[in-house]
Amino acid sequence: MKNRRNKNPQKNLILGMVLTAIMLTLTFVGFFYTPYDPTAIEVENKLAGCSLAHIMGCDNFGRDIFSRVLQGLGNTFVIAVLTVSIGVIGGVLLGAFTGYFGGWIDEVLMRANDVLFAFPSILLGLVFVSIFGTGKYNVVLALGIAFIPSFARIVRSEFIKYKEMDYVKSARLAGAGHLRIMFVHILPNTTTVLLSSVMIGFNNAVLAEAGMSYLGIGVQPPDASLGSMLSDAQSYLFSAPNYAFFPGLMIILLVLGFSLVADGIKG
């Protein structure tokens, strides 16, 4: 039983990497090629089923679903990368300074961080979107700020654990400055935990972006988003189930891939 459990994280990591690689390949293909113009309306193909010409069928405007899925994957990927980047940069800086220095800096900043962390990221994102406005890059900014508290808590706990290690004390005795100790000696040792958190952050970013686009405050028409496609498809669940199935499947596969990778890294 013990050996079987030990093998599971590795299997999850391999499966997650394969699945993620497939999804990222589709994403990058969509940046350079789509079978049809994702925004081209062809009324004669309205709600057309799957065929050799349109392998995923067409939507209620006659637009090719496969082409829009590829574009939607690209939008989701860009938003997720930018969102997580903002969250990681802000979270690492905040967590590193509070965890390393402690004292009143830690008390003030982390109390404010705890207040923000008490709210779900998607809820905080909605609050910030109401301030910044709708649109793809406003969603990036809103979600990026909302993700900072979770990354800050993770980095802070790691810095508290490592700052009293013997190698850190030796670096201080050797005359290394605080910034060098923080970002050269301590930060690299947080890589495994941080990388796992980044994968989970991608998950959350994908779901948050899909949710906001579903509500109409994320990616704006005529650009495609997996979330907005699901919103448009809800009126045609029985007459054209393929319309909702394929965008939903892409979201599930993206989230599953990142989740398995995160589980494998933690294991």
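This report describes the helices, their packing and some loop residues of a predicted model.

## Basis of the model

Local features are given only where pLDDT is at least 70 and side-chain atom pairs only at pLDDT 80 or more, while totals for chains, interfaces and linings use all residues. Residues are numbered from 1 along each chain as its sequence is written, and side-chain values rest on heavy atoms, with hydrogens and water left out.

## Overall make-up

The protein has 10 helices and 0 strands, and its elements run α-α-α-α-α-α-α-α-α-α from the N terminus on. Helices (H or I, at least four residues) and strands (E, at least two) are DSSP runs, numbered from the N terminus.

The C-alpha trace spans about 75 × 50 × 35 Å along its principal axes. Of the 267 residues, 45% are buried; buried means under 20% relative accessible area, exposed means over 50%, and partly exposed lies in between (1.4 Å probe, protein chains only). Among contacts with a separation of 6 or more, 72% are between residues 24 or more positions apart. A contact here means heavy atoms within 4.5 Å.

## Helix 2 and its packing on helix 5

Helix 2 covers residues 65–101. Its 37 residues reach 53 Å from the first C-alpha to the last, close to the 54 Å expected at 1.5 Å a residue. The expected span is 1.5 Å times one less than the number of residues. Helix 2 is mostly covered, with 26 of its 37 residues buried. Gly102 follows helix 2 and has a positive phi, near 65 degrees.

Helix 2 packs with helix 5 (residues 136–162) at an angle of about 35 degrees, and their axes are 5 Å apart. The axes are lines fitted to C-alpha atoms, for helices over the stretch in contact, and angles run from 0 to 180 degrees between N-to-C directions. The crossing is right-handed, and the residues of this contact divide into 22 nonpolar, 9 polar and 2 charged. In this division Ala, Val, Leu, Ile, Met, Phe, Trp, Tyr, Cys and Pro count as nonpolar, Asp, Glu, Lys and Arg as charged, and the others, Gly among them, as polar. A crossing is right-handed if the near helix is turned clockwise from the far one by less than a right angle, and left-handed if anticlockwise.

## Helix 7

In helix 7 (residues 178–186) the buried residues are Ile181, Met182 and Ile186. They cover an arc of only 95 degrees around the axis, which puts them on the same side of helix 7. The arc is that of the directions from the helix axis to the C-beta atoms. These buried residues pack against helix 2, helix 5 and helix 6 (166–173).

Helix 8 has 24 residues, which should span 34 Å at 1.5 Å a residue; its end C-alpha atoms are 34 Å apart, which agrees. Just after helix 8, Gly216 takes a positive phi of about 90 degrees.

The loop between helix 8 and helix 9 holds Gln220, which is partly exposed at a relative accessible area of 31%. Leaving aside neighbours within four places in sequence, Gln220 is in contact with Thr134 and Gly135. The C-alpha atoms of Gln220 and Asp37 are separated by 17 Å, although the two are 183 residues apart along the chain. Pro222 lies in the loop between helix 8 (191–214) and helix 9 (226–233), and a cis peptide bond joins Pro221 to Pro222, with omega about 5 degrees.

## Leu47

Leu47 lies in the loop between helix 1 (2–32) and helix 2. Its phi is near 55 degrees, a positive value in a residue other than glycine. Leu47 is partly exposed, with a relative accessible area of 23%.
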